[in-house]
Amino acid sequence: GEIVAAGLTTRGGTFGYRNKKNMIANCLVMYDLDTGEPLQPVIDLAIEHGYCVYIYTTHSHNKTVTFISESKIEAFIKKSQCKFEKYTDAIEAYLREHEKTSSNIAESLVIDPVPVMMVGGQHYKVEHAPWPKYRIIFVLEEPFKMAGVPGVTQLARAAEWSTHYAGFGRRFGIDKFDKSCVDASRLMYTARIPENRKFGNILED
């Protein structure tokens, strides 16, 4: 991969614009796992299958407090068209249904019903069990080409990549990844956080 504008891409494109129409090939498969699924089973699977994989935690890995913006809850309520007896019920439903929070996190939620004012508007404080958040990057044996493949259009290959991406994730037991990452040109930004914040990284090959 290459570092572009403080972000990690799966290979990069051409003409200076990052979109699937400009993708040439991908050398990596990257998954964004923020739903609270335990990290160790993923590490064990990688070792079991003998994959070349890099796993790193985000700076918010294993935090026990999350602030949910009121605007996100309101958008969820409007979209779901559900009526909730209590606003805290809507917050819990948002985390379970929209964020696809894992059962171990969802069952530990303690929601403060009194909002606090923060940058960006009112937020609700949610306490929970340590919430794993990490990225997993698989190194492909050979690049998956999207451009220059005889008899196949570039966009068709990009669509094929998306199908393989989702399928491999399910085969590997990763079924709660960020679905927007199926885009062949997906970029994951490096941390925008003070340098003194600690986080972990694990390399298995």
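User: Where is His 128 found?
Analyst: His 128 is in strand S8, residues 121–131. Strands (E, at least two residues) and helices (H or I, at least four) are DSSP runs, numbered from the N terminus. This is a predicted model: local features need pLDDT of at least 70, side-chain atom pairs count only at pLDDT 80 or more, and totals for chains, interfaces and linings use all residues. Residues are numbered from 1 along each chain as its sequence is written, and side-chain values use heavy atoms, with hydrogens and water left out.

User: Is His 128 buried or exposed?
Analyst: His 128 is buried, with a relative accessible area of 7%. Buried means under 20%, exposed over 50%, partly exposed in between (1.4 Å probe, protein chains only).

User: And what is His 128 in contact with?
Analyst: Leaving aside neighbours within four places in sequence, His 128 is in contact with Lys 63, Thr 64, Val 65, Thr 66, Ile 105, Ser 108 and Leu 109. Contact means heavy atoms within 4.5 Å. His 128 and Val 65 are 63 residues apart in sequence, yet 6.3 Å apart in space, C-alpha to C-alpha.

User: What about Ser 69, where is that?
Analyst: Ser 69 is in strand S5, residues 63–69. Ser 69 counts as buried because its relative accessibility is 10%. Outside the four places either way in sequence, Ser 69 is in contact with Gln 122 and His 123.

User: Switching to helices: at what angle do H2 and H3 cross?
Analyst: The axes of H2 (residues 70–80) and H3 (residues 87–98) cross at roughly 80 degrees and come within 10 Å. H2 and H3 are therefore roughly perpendicular (65 to 115 degrees; under 35 is roughly parallel, over 145 roughly antiparallel, the rest oblique).

User: Which residues make that contact?
Analyst: From H2 they include Ile 73, Phe 76 and Ile 77, and from H3 they include Tyr 87, Ile 91 and Tyr 94. By class, the contact has eight nonpolar, one polar and four charged residues. Nonpolar is Ala, Val, Leu, Ile, Met, Phe, Trp, Tyr, Cys and Pro, charged is Asp, Glu, Lys and Arg, and the others, Gly among them, are polar.

User: Last topic, pockets. Which element gives the most to the lining of the second largest pocket?
Analyst: That's S9, with seven residues. Strand S3 (25–33), strand S9 (134–145) and helix H5 (154–171) each supply at least two.

User: How do the lining residues divide by class?
Analyst: Twelve are nonpolar, two polar and three charged.

Definitions and conventions
Axes fitted to C-alpha atoms, helices over the stretch in contact; angles between N-to-C directions.
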